[in-house]
Amino acid sequence: MRYRRLGRTELHVSELSYGAAWGASQDRAKFIATVHAAIEGGVNFVDTASDYPDSESALGEALQGHNHVIIETKYQPYDGWDGEASYTGSAEALISSAEESLRRLRRDRLDILLAHAIRTLESLDCFMNDGCYEAMVRLREQGKVRFIGISELSTVDGTHEILKLAVPTGAFDVVMVTLNFLLQNAVESVLPLCAWHDVGTAVMMPLNQASAESGLVSVQAALECVRRHVAAGHLPSNQPYTNLDLFEFLTPYSVPAAALRFVLTQDVSTCCVGTRSPERFRENLQVVDPPYLDTERVEKLRELFGRNQAQIR
Ligand SMILES: NC(=O)c1ccc[n+]([C@@H]2O[C@H](COP(=O)([O-])OP(=O)(O)OC[C@H]3O[C@@H](n4cnc5c(N)ncnc54)[C@H](OP(=O)(O)O)[C@@H]3O)[C@@H](O)[C@H]2O)c1
């Protein structure tokens, strides 16, 4: 495992990390085994959130005796997950969420606390000015949080407007940004801004938050996701996008391996991948292998999908 600098935090994080959004409430033992497989593979960074079902409490159990593992968690100031949800942020709710996270994670300090899935310019403005951001800073001053950051909701903000505005303010140490080969526009927008402002970059959804039907987990599922983009008018409805051999050029890599390798070729701090299976996590560890993906394949992926500006799952 290689470790990369997480921007101005000066933390060094494993280039592949574990996204703990899924699985804790389905099969806790398997979730914990997956966390342990990740740690055995050298992973020292885990992403969770106060509203991922059972994730923080299962991590609290799994990470006993693994105090070196850096935990990133989040507070979501909305009453739902979609783009239409109302903003409900308040300093009191943020502080009580952070206290609950500390209790569930069995830590006396949160390594990183993010504003979770900020999705409109109006709600970013609220968060920065209604006491929420100030509360984060206060928690950092009190030593309850080491670093603060922000994540986006890319299904409604495929062009990363929130992060493009938030990073240059200098208010945040870390961002969580969507980057995968189907939605790679952060490479030319958010990543250079983060490099300039020395902000750490944790990538989310490197497999486009795949299901078995659609996403970067198999040729069939990747073709289905491309078909959805074509149907939505995000990609042209002609060859090569309609070809069944569209992803042939990725051989000998599988689609998920190529997708993770693509992210690791970029100037990011860590690529955070989710899985509910220890075997799959071990499989994913095989991609930590510079130069990850050759220039020809990276270029071909850029040529095919570099202009896409929206996320569809
Ligand atoms: N706004 C935000 O802040 C935000 C939003 C989304 C995600 N996140 C964070 O980012 C992390 C990563 O995103 P994600 O988990 O949503 O999506 P992802 O990593 O793009 O995809 C996860 C899916 O890929 C499958 N998978 C993983 N490795 C595989 C492999 N080698 N072969 C086949 N399938 C494979 C998993 O299935 P199995 O479980 O069946 O293996 C899972 O369904 C999350 O866990 C979360 O921590 C943050």
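**Figure 1. Asn208 and its loop.** Asn208 sits in the loop that links β9 (200–204) to α8. Helices here are DSSP runs of H or I with at least four residues, strands are runs of E with at least two, and both are numbered from the N terminus. The model is predicted: local features need pLDDT of at least 70, side-chain atom pairs count only at pLDDT 80 or more, and totals for chains, interfaces and linings use all residues. Residues are numbered from 1 along each chain as its sequence is written. Asn208 is not a glycine, yet its phi is positive, about 65 degrees. Asn208 counts as buried because it has 23 C-beta neighbours inside 10 Å. (Buried means 20 or more other C-beta atoms within 10 Å of the residue's own, exposed means 12 or fewer, and partly exposed lies in between; C-beta atoms are placed from the backbone.)

**Figure 2. Glu10, another residue with positive phi.** Glu10 lies in the loop between β1 (3–5) and β2 (12–14). Its phi is near 65 degrees, positive in a residue other than glycine. Glu10 has 11 C-beta neighbours inside 10 Å, so it counts as exposed.

Figure 3. (Nonpolar covers Ala, Val, Leu, Ile, Met, Phe, Trp, Tyr, Cys and Pro; charged covers Asp, Glu, Lys and Arg; the others, Gly among them, are polar.)

**Figure 4. Packing of α1 on α2.** Helix α1 (residues 28–40) meets helix α2 (residues 55–62) at about 55 degrees, and their axes are 10 Å apart. That angle makes α1 oblique to α2. (Under 35 degrees is roughly parallel, over 145 roughly antiparallel, 65 to 115 roughly perpendicular, and the rest oblique.) Axes are lines fitted to C-alpha atoms, for helices over the stretch in contact, with angles from 0 to 180 degrees between N-to-C directions. From α1 come Arg28, Phe31, Ile32, Val35 and His36; from α2 come Ala58, Leu59, Glu61 and Ala62. (Contact means C-beta atoms, placed from the backbone, within 7 Å.) This contact comprises six nonpolar, one polar and two charged residues.

**Figure 5. Packing of α3 on α5.** The axes of helix α3 (residues 91–105) and helix α5 (residues 132–141) come within 8 Å and cross at roughly 35 degrees. The crossing of α3 and α5 is right-handed. Ala91, Leu94, Ile95 and Ala98 of α3 face Cys132, Glu134, Ala135, Met136 and Leu139 of α5. Eight of these residues are nonpolar, none is polar and one is charged.

**Figure 6. Ala222 in α8.** Ala222 belongs to helix α8 (residues 219–231). It is buried, with 25 other C-beta atoms within 10 Å. Leaving out residues up to four places away in sequence, Ala222 touches Leu216, Phe247 and Val255.

**Figure 7. Two cis peptide bonds.** The bond from Thr251 to Pro252 is cis, with omega near 15 degrees. Pro252 falls in the loop between α8 and α9 (255–264). Pro290 and Pro291 are also joined by a cis peptide bond, with omega about 5 degrees. Pro291 is in the loop between α10 and α11 (295–305).

Conventions. Contact = placed C-beta atoms within 7 Å. Left-handed = near helix turned anticlockwise from the far one by under 90°.
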